[in-house]
Amino acid sequence: MRLHDDIHNYYEKIVIEEIIKRQLEKSYNEDVMADFCCTVLNQLPARYIRYDVDMEFYLPQVERIQMQERVNTAIDVAISQIAKKKNLDD
């Protein structure tokens with residue numbers, strides 16, 4: 001068996017949406033953004049799905065809010081870690 005190309009972690013979509021919403025890609029170069037995304041996603045549980053539409057349709061509102069809160073917290077932690085690293089490099 002091989003994993004199908006359509007299988008992905010739903011948290012990736014939420015993380016990307018939040019990065020765009022916060023315009024973080026304007027604050028960091030591509031290399032930092034790659035590390036940033038890894039840092040964020042490593043703090044989150046995996047939620048593998050095949051089709052986004054199924055998740056969006058069947059996911060209870062309470063769970064959707066919890067997922068968004070987890071993403072926001074993980075992004076805030078990653079921003080803090082990048083700031084600390086930058087201060088150490090200066």
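Hi everyone, let me start with a term: contact means heavy atoms within 4.5 Å. This is a predicted model, where local features need pLDDT of at least 70, side-chain atom pairs count only at pLDDT 80 or more, and totals for chains, interfaces and linings use all residues. Residues are numbered from 1 along each chain as its sequence is written, and side-chain values use heavy atoms, leaving out hydrogens and water.

With that in hand, look at I75. Leaving aside residues up to four places away in sequence, I75 touches V15, E18, I19, R22, L24, F36 and V40.

I75 also belongs to the largest nonpolar core, a set of 19 residues. Such a core consists of buried Ala, Val, Leu, Ile, Met, Phe, Trp, Tyr and Cys residues joined through side-chain atoms within 4.5 Å; buried is under 20% relative accessible area, exposed over 50%, and partly exposed in between, with a 1.4 Å probe and protein chains only. I19, F36, V40, L44, M67, V71 and I75 touch the most other members. Two or more residues each come from α1 (10–22), α2 (30–42) and α4 (61–89), where helices are DSSP runs of H or I, at least four residues, numbered from the N terminus.

Now to α1. N9 caps its N-terminal end, with a side-chain oxygen 3.0 Å from the backbone nitrogen of Y11. Buried in α1 are Y10, Y11, I14, V15, E18 and I19.

Which residue just after α1 takes a positive phi? That is Q23, at about 55 degrees. Most residues other than glycine have a negative phi. Q23 sits in the loop between α1 and α2 and is partly exposed, at 41% relative accessible area. Thanks, all!

Key: A polar contact is a pair of N or O atoms within 3.5 Å; within protein, one must be able to donate a hydrogen and the other to accept it, and residues adjacent in sequence count only if both atoms are side-chain atoms.
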